[in-house]
Amino acid sequence: MARKVAMLTGGGDCPGLNAVIRAVTRKLSGDYGMVGVEEGWRGLMENNYMQLDVRSTADILPKGGTILRTSRTNPYKEEGGPEKVVQNLKDNDIYALVAVGGDDTLGVARKLFDDYGINVVGVPKTIDNDLSATDYTFGFDTAVQIATEALDRLHTTAASHNRCMVAEIMGRHTGWITVMTGIAASADVVLIPEVEMSIEKICAMLTRGRDKGKNYNIVAVSEGFEMTSDKGEKGLAVKSDKVDAFGHVQLGGIAARLAEQIEQRTGYETRATVLGHIQRGGTPTAHDRILATRYGLGAADLVLQEKFGRMVALQGDDIVDASLEAATDELKKVKPEFWEIARTFFA
């Protein structure tokens, strides 16, 4: 009986996951038995699997989400969690594991490799594009495209009503989606976690735009942007008391807070729009389908070459590999040159 390779998708879903599943399965199914782990790390702890083969993955390329489903389960937060994962892999004769996810999912993969020597290969997945060691992650292009289309629509209604529109875009610690969307959709102000900007300065820029003859404004803001004032006051986005297994609090509400302050300080009628999970859903762009496919084939090659503890990555036009340590040691922040491009078009 052929040894098995398992594959899981962890953390937030994103367009392109099914393309990875299809590519890994197609490349490895001749050499290994392929199984999909259902619901991320939770599935490995609870022994929930599905068979993967050419037939079951034949038509999944254009579909959003993940046929394996996902969760934000962290085995290291569960009593005996890592040991359950290791034992279940052994009991099910699983030779290698392909983990598809972002910083949290690949952080667990890295620990399992370091602590237990698990044969694991990583695939970078996050719409936030904040993983180090790779130029871009799949899912990011689709998220930017969706957000850009949304801001294009806000332009027309804002102009019709002489309004200021504040669009809240995903991005907890980094502003990659927001800055790229702001450039593509011609936002008047772009606000990201990496750059501090006071409410007074924001309002001054919007006012200058009106003074130059523009009758409306578009503000693109990351959900993790911290609003400050010249008086030294600070205010994060509204947070709930809920914390996930990786210690992340639920963010939301910065657009509403900004809209209230802008209207109060400028007198401009202002509305807030939260794009939320719309950015995660739906069919992937052609770019993300191709990148995800290349990542999947690259991950399969790492398994065949027995290069474990590694992650496939994009550097320039090439698919390469990097250590899981390099990928997860620190978040990749927005490069200053992209911020400067966006800032050029502020009022």
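A crossing of two helices is called left-handed if the near helix is turned anticlockwise from the far one by less than a right angle, and right-handed if clockwise; by that convention, the crossing of α7 and α8 is right-handed. The model described here is predicted, so that local features need pLDDT of at least 70 and side-chain atom pairs count only at pLDDT 80 or more, whereas totals for chains, interfaces and linings use all residues. Residues are numbered from 1 along each chain as its sequence is written, and side-chain values use heavy atoms, with hydrogens and water left out. Helices (H or I, at least four residues) and strands (E, at least two) are DSSP runs numbered from the N terminus, and two strands are said to pair if DSSP finds at least two bridges between them.

- Strand β1 (residues 4–9) is mostly covered, 5 of its 6 residues being buried (buried means under 20% relative accessible area, exposed over 50%, and partly exposed in between, with a 1.4 Å probe and protein chains only).
- β1 pairs in the parallel sense with strand β2 (residues 33–37) over 4 bridges, and M7 stands opposite G36 in β2.
- Strand β4 (residues 94–101) and strand β5 (residues 120–124) pair in the parallel sense over 5 bridges, with V98 opposite V121 in β5.

**Helices α1 and α9**

- The axes of α1 and helix α9 (residues 286–304) come within 7 Å and cross at roughly 40°, in a right-handed crossing.
- The residues of the contact of α1 with α9 (contact means heavy atoms within 4.5 Å) divide into 11 nonpolar, 2 polar and 4 charged, where Ala, Val, Leu, Ile, Met, Phe, Trp, Tyr, Cys and Pro count as nonpolar, Asp, Glu, Lys and Arg as charged, and the others, Gly among them, as polar.
- K27, placed in helix α1 (residues 17–28), is partly exposed with a relative accessible area of 32%, and, leaving aside its neighbours within four places in sequence, K27 is in contact with L297, A300 and D301.
- The C-alpha atoms of K27 and G298 are separated by 9.5 Å, although these residues are 271 residues apart along the chain.

- Strand β6 (residues 164–169) and strand β8 (residues 217–222) pair in the parallel sense over 6 bridges, and V166 stands opposite V219 in β8.

**Helices α7 and α8**

- Helix α7 (residues 199–211) and helix α8 (residues 254–266) pack at an angle of about 60°, with their axes 10 Å apart.
- By class, the contact of α7 with α8 has 6 nonpolar, 3 polar and 2 charged residues.

Conventions: Axes fitted to C-alpha atoms, helices over the stretch in contact; angles between N-to-C directions.
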